[in-house]
Amino acid sequence: MGSSSSYTEDDFSTSAFDPSTFSVQELVKLAAPDFSIPQPFVRINQQPPSLSVTTPLPPTIDMSRLLLEDDHQNLELHKLHSTCQDWGIFQLVNHGVSSSLLEKLKHEVEEFYRLPLEEKLKYKIGERGWEGYGRKMRADGKYDWVDTLNIITNPLHRRSPHVFPQLPPPLRSTMECYLSELQKLATKLIGFMGKALKIKEKEMMELFDDGLQAVKMAYYPPCPHPESVMGLIPHSDMTLLTIVRQLNGVDGLEIKKNGLWFPFNVNPDAFVVNVGDIFQIFSNGVYHSVEHKVTCNKERERITVTFNLSPNFEAEVGPSLSLINAENPPLFRRVGMEDYFKQFFTIKIYGKKYLDYMRIQPSENGD
């Protein structure tokens, strides 16, 4: 890489580009206003969003109404159920996480990204893993226009000693409080989703009890040519459930519906909740994970914190036994959670390719 004060064209040559020490944030900070996008990040022929104003956005779910034990709960539960069926994504309001904690989280994450690059690189991703600061090459040989810090937060024994325990103490303390609140929120939400599906509560809770949890802090720098890059490639989440907090009011999320892309404008007080591939599999296709991507802004950075929830490593990923019978045969294969993750990282992911891999083909049913 070039000196700490500038990047040069040589930094982006195939032989010199080192993704483990490169920062898009630093590039934008130090480069000329209308710089050329480095080739490792250039993506052409992207499908633009639809400008139709007639396509509705997913309903917003009110957590406070779900917690009522009356007809309001029944109506909200029905809305949650139909939204997970039709969209696989929704905004959650009146979620119970305090605005003061969310403001503190925003401040501490912004402070982390203000650290000198040398400080952030103390947490850089290892050669074989994905936990830490930096980026990994995508299946197309390109990189997303984003700097991320990926952290496994649960089970505790799976936390990398060089990442979460070594975070700046104010960030680590705030993140611990945030994780505690998100775990409680996710438990309630998954309970309601299971109730709507008529899945036994015991089976629902066993699925994610002491499950794998991870946090991604993402900084999407502004880009002078946003149409030439992607903040995040099209994909569905491999998880059970994903809860996203957009920290600084800058949109960029787009979702795919009926083959078209639509911008998803986020309520500043809401969480964005995605149904993951595991939930689609677990519901035997009743719920649908959403294909989504992130575009970049020409003038402003976008900062998010994503909380990913998956089953524990001893669990099996497969359709719920409560939903399977002679009339409703399994649509997806059953694998151990650890194998599910290993297979995910060996398949070159794009769109919903991994979910398609998990589907039982007609020939497997003997048809």
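Select strand E6 and strand E11 (residues 292–294): the two pair in the antiparallel sense over two bridges. Strands (E, at least two residues) and helices (H or I, at least four residues) are DSSP runs, numbered from the N terminus. Two strands count as paired if DSSP finds at least two bridges between them. This is a predicted model, in which local features need pLDDT of at least 70 and side-chain atom pairs count only at pLDDT 80 or more, while totals for chains, interfaces and linings use all residues. Residues are numbered from 1 along each chain as its sequence is written, and side-chain values use heavy atoms, with hydrogens and water left out.

Now pick Leu232, and look across to Val294 in E11, which stands opposite.

Four strands form an open sheet in the order E6-E11-E8-E9, with antiparallel pairing. Its edge strands are E6 (232–235) and E9 (260–263), each of which pairs on one side only. From one strand to the next, the twist averages 20 degrees; axes here are lines fitted to C-alpha atoms, for helices over the stretch in contact, and angles run from 0 to 180 degrees between N-to-C directions. Strands of a sheet pair through backbone hydrogen bonds, either parallel or antiparallel.

Next, select strand E5 (residues 213–220). Is E5 mostly covered or uncovered? Eight of its eight residues are buried, where buried means under 20% relative accessible area, exposed over 50%, and partly exposed in between (1.4 Å probe, protein chains only). Show the side chains. Gln213, Val215, Met217 and Tyr219 point one way from E5, and Ala214, Lys216, Ala218 and Tyr220 point the other way. In a regular strand the side chains alternate between the two faces of the sheet.

Strand E4 (residues 147–154) pairs with E5 in the antiparallel sense over seven bridges, and Asn154 stands opposite Gln213 in E5. Strand E12 (residues 302–309) also runs antiparallel to E5, joined by eight bridges. Here, Ala218 stands opposite Thr304 in E12.

Leave the strands and turn to charged side chains. How many salt bridges does the structure hold? There are 17 salt bridges, each a side-chain nitrogen of Lys or Arg within 4 Å of a carboxyl oxygen of Asp or Glu. Side chains of opposite charge can pair when their charged atoms come close.

Select Glu76 and Arg65, whose side chains meet in a salt bridge (3.0 Å, N to O). Glu76 lies in helix H3 (residues 71–86) and Arg65 in helix H2 (residues 63–66), so the pair ties together parts that are 11 residues apart in sequence. Glu76 is buried, with a relative accessible area of 4%, whereas Arg65 is partly exposed at 28%.

Lys79 and Glu76 are three residues apart in helix H3, so about one helical turn separates them. Lys79 is partly exposed, at 29% relative accessibility.

Then go to Arg359 and Asp356, which meet in a salt bridge (3.3 Å, N to O). Arg359 is partly exposed with a relative accessible area of 30%, and Asp356 is partly exposed at 40%.

For the last stop, select Arg43, Arg138, Asp140 and Asp144, which are linked in a network of salt bridges.
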